[in-house]
Number of protein chains: 2
Amino acid sequence: MSIIDTLSRAGREVDAVILRYLERGASRDFLPVVLHQVEAGGKRVRSALSMLCCEATGGDRAAALRPAAMIELIHNYSLVADDIVDCGEIRRGLPTVRAKYSDAMALLAAMHYREVLDEIANDCPRSDDMRKLMIETIKATIEGERLDILFEQAGRDEDYIVKHRCKNVSWDLYFEMIGKKTAALIRASCLAGSLAASASDDATDALAGYGWKIGLGFQVADDFLDIFGEKTGKEKGKDIIEHKLGNAVIISALEELSDRKAKGLLAILKSSRVNASKLKEAMELIDGTGAKTRIYRLAEKLVNEGKLKLKILPESSAKNALIQLADFIATRVY
Amino acid sequence: MSIIDTLSRAGREVDAVILRYLERGASRDFLPVVLHQVEAGGKRVRSALSMLCCEATGGDRAAALRPAAMIELIHNYSLVADDIVDCGEIRRGLPTVRAKYSDAMALLAAMHYREVLDEIANDCPRSDDMRKLMIETIKATIEGERLDILFEQAGRDEDYIVKHRCKNVSWDLYFEMIGKKTAALIRASCLAGSLAASASDDATDALAGYGWKIGLGFQVADDFLDIFGEKTGKEKGKDIIEHKLGNAVIISALEELSDRKAKGLLAILKSSRVNASKLKEAMELIDGTGAKTRIYRLAEKLVNEGKLKLKILPESSAKNALIQLADFIATRVY
């Protein structure tokens with residue numbers, strides 16, 4: 001089975017579970033609002049990870065179904081919230097929940113998701129551990145999102161944010177942010193699977209390490225796409241337009257550029273509106289550095305480090321699929 | 001001990017618990033955002049109810065401390081979210097979380113509250129039941145808030161909301177809305193206390209009935225204050241300015257007014273901006289009916305029905321305090 005088949009199968013199975021839970025306790029009129037984000041699809045990478053990690057450690061695939069649904073719904077919860085925070089209009093080619101139903105309704109839908117998450121966690125194997133994993137992960141995601149916002153250089157005019165912006169993002173700070181924003185949930189996807197399988201401590205550590213590394217690689221690859229946007233539906237230079245200093249390509253370019261040119265790039269990120277000519281200028285500055293190659297290689301390196309963690313696991317088709325999934329993440333870039 | 005002393009004592013004890021939990025897993029820079037809403041105070045009526053209901057059914061006051069903290073934090077969670085939904089600027093005489101720290105940070109703070117709620121529920125006596133009560137209550141609150149939004153007649157321009165507004169709010173629909181928006185949490189405050197005391201089914205039913213009725217009375221009294229605003233810091237005619245048809249005074253006035261005058265009052269609620277002369281006109285229309293007296297009496301009647309439910313409980317100082325608390329709620333009106 002190809003990795004794409006694995007993903008779509010996991011998606012179909014998990015979606016049915018999520019929909020069943022979401023419908024509980026939501027009134028008929030509220031349902032379309034509540035279902036929109038989940039029905040808009042997605043690759044279901046995270047739920048596939050949960051199911052594969054369960055199988056790879058000797059668990060029954062069925063035991064991972066609800067944990068996988070929990071993980072996928074945490075992801076969707078964070079997406080609905082992110083779109084409110086970023087005034088996002090389009091996601092997965094469709095209007096976001098807030099664009100279609102208003103910010104107010106999107107917020108209520110997100111809150112409903114969070115209640116449903118508790119209900120799913122409650123029905124998971126090892127529910128207390130599963131719930132703890134969920135809470136720890138959502139808390140990390142909140143902190144990651146907070147840092148991501150403060151790493152923006154313009155675009156929000158509230159006093160508090162203007163005053164607390166981080167104007168110098170070191171690699172350490174960058175990795176802290178993406179670790180919390182992205183890798184924590186991908187690591188949790190793996191841990192939810194190994195918990196469902198009651199895997200050994202060694203296997204659990206291996207999967208946690210795998211999830212963490214490919215999670216970092218996933219975000220670095222995303223940063224790459226949010227600048228170069230090739231071969232995907234993404235807007236070229238999206239993170240520049242959104243004033244984001246918390247992007248690996250930009251941090252890497254700034255390191256290499258002369259002081260004068262680095263100031264020029266920062267000035268573009270700080271401008272209240274990044275128009276086409278400013279974007280072109282920024283892209284030229286970045287293209288004049290080795291950032292593109294360097295960040296592609298960084299994503300690849302992180303994913304490879306992730307794959308290495310799987311060494312201690314016995315050979316299995318699930319393990320192979322985890323390796324393929326890691327490659328899929330790294331090779332998205334080109 | 002006067003009811004005010006009871007409230008402030010409950011407040012002090014419960015606040016310490018809430019603060020301790022909120023600080024867990026929130027980074028140092030995020031803490032001021034997270035603490036603002038809780039430190040802004042409030043009457044702590046809900047946590048006092050939990051503690052008194054625990055004592056009134058023979059439980060140990062200490063057992064109700066975390067349940068009371070859970071209830072109070074659910075309330076604060078809903079307030080932070082409401083202020084985002086309604087673009088609220090001032091609450092309890094201070095800037096709201098969103099006004100002080102931005103909508104984005106307020107949303108993240110609310111999300112943090114929800115994680116902390118799970119942690120408090122987990123540490124409560126009878127934690128599984130306590131968590132179920134919390135989930136059921138928050139789901140109800142979400143639905144109540146959704147209805148309240150759709151009962152507004154103007155003020156939001158998103159297509160979805162404009163199209164789905166409810167233009168005719170019956171008493172049934174009104175009571176459904178306030179039951180979910182307000183009474184569900186006040187009922188849950190009482191149930192959290194009786195759960196902590198492992199009260200008998202009869203005592204639990206009595207307290208649930210008490211909480212439900214005084215919760216409805218509380219909201220009806222609030223509606224009264226949101227129109228007449230006397231003796232409180234509330235803005236006179238607040239709900240008219242906010243285009244709210246989901247207010248008992250307005251529904252009552254509309255019932256009594258002639259068709260022509262009722263249309264006039266509705267037209268004011270539907271106007272994109274309710275200026276001073278429109279507000280004066282609306283108040284005159286309302287004052288020309290018996291709505292003021294009728295709604296005052298309705299609040300009083302609901303609270304009295306609530307007090308009657310306590311009959312089956314043995315006499316105790318906690319029971320007396322519950323009766324005083326009900327009166328405090330009803331007499332807020334004048």
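1. Helix α3 of chain B, in this predicted model, covers residues 45-56 and thus comprises 12 residues; the distance from its first C-alpha to its last is 16 Å, close to the 16 Å expected at 1.5 Å a residue.

2. Just after α3(B), the backbone at B:G58 adopts a positive phi of about 85°.

3. Turning to the core, the largest nonpolar core has 244 residues, and A:M70 and B:M70 are those with the most contacts inside it. In soluble globular proteins, nonpolar side chains tend to be buried together. Once neighbours within four places in sequence are left aside, A:M70 is in contact with A:L117, A:I120, A:A121 and A:C124, and also with A:M130, A:M134 and A:A192.

4. The contact between the chains draws 32 residues from chain A and 32 residues from chain B. On the side of chain A that touches chain B, at least two residues each come from α4 (65-86), α5 (97-101), α6 (103-122), α7 (127-150) and α8 (159-164) of chain A, and α6(A) gives the most, with 10 residues.

5. As for the composition of that side of chain A, the residues that touch chain B divide into 16 nonpolar, four polar and 12 charged.

How values were computed: Residues numbered from 1 in each chain as written. Chains lettered and ligands numbered in written order. Predicted model: local features only at pLDDT ≥ 70, side-chain atom pairs only at ≥ 80, totals over all residues. Contact = placed C-beta atoms within 7 Å. Helix = DSSP H or I, 4+ residues; strand = E, 2+ residues; numbered from the N terminus. Nonpolar A, V, L, I, M, F, W, Y, C, P; charged D, E, K, R; others polar. Core = buried A, V, L, I, M, F, W, Y, C linked by C-beta atoms within 7 Å. Buried ≥ 20, exposed ≤ 12 C-beta atoms within 10 Å, placed from the backbone. Expected span 1.5 Å × (residues − 1).
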